[in-house]
Amino acid sequence: MYSLVTFDDVERRDLEGEAPTLRSVGHALQSEEMRPAVWEYEAGEENAFHRQDQQEEFYVVLDGRFDVTIERGDDRDVLELRRNDFLVVPPESWRQFEAREPSTLLAVGAPNVPDDAILES
């Protein structure tokens with residue numbers, strides 16, 4: 001009928017390299033249609049420049065401040081996102097988040113496709 005989990009009960013995963021810390025909320029909730037995750041960044045930390053193959057992604061800045069690079073074809077924008085800002089990025093657009101200070105980001109991808117990211121080579 002529904003799934004419920006508290007933030008503190010979602011396991012933190014430190015990924016290899018300089019990646020932010022992941023809390024896989026969707027895995028904890030056993031979400032079927034979307035893929036929510038919370039990313040915790042240190043100041044200056046960034047994720048890999050990537051795009052999704054199928055997922056549209058919805059982002060909410062829960063805390064802190066980011067510079068976000070979004071690129072599609074010949075168009076490239078760098079946006080500043082702050083607490084309570086919302087952003088949607090389609091699968092075809094490349095994106096990268098860099099934290100300007102300790103920051104927390106909610107990312108929700110849909111449909112729920114495992115390993116959907118395509119990294120810049």
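1. Arg100 is partly exposed at 38% relative accessibility (buried is under 20% relative accessible area, exposed over 50%, partly exposed in between, with a 1.4 Å probe and protein chains only). This is a predicted model: local features need pLDDT of at least 70, side-chain atom pairs count only at pLDDT 80 or more, and totals for chains, interfaces and linings use all residues. Residues are numbered from 1 along each chain as its sequence is written, and side-chain values use heavy atoms, with hydrogens and water left out.

2. Arg100 forms a salt bridge with Asp67, with the closest N and O atoms 3.4 Å apart (a side-chain nitrogen of Lys or Arg within 4 Å of a carboxyl oxygen of Asp or Glu). Arg100 lies in the loop between β9 and β10, and Asp67 in strand β6 (residues 65-72), 33 residues apart; strands (E, at least two residues) and helices (H or I, at least four) are DSSP runs numbered from the N terminus. Arg100 also bridges to Glu98, at 3.1 Å between the closest N and O atoms.

3. Glu57 and Arg95 form another salt bridge, with 2.6 Å between the closest N and O atoms. The pair joins strand β5 to strand β9 (residues 94-99), 38 residues apart. Glu57 is buried at 10% relative accessibility, and Arg95 is buried at 0%.

4. Arg65, Glu80, Arg82 and Glu101 are linked in a network of salt bridges. The count comes to 10 salt bridges.

5. Which element gives the largest share of the lining of the largest pocket? It is β3, with 5 residues.
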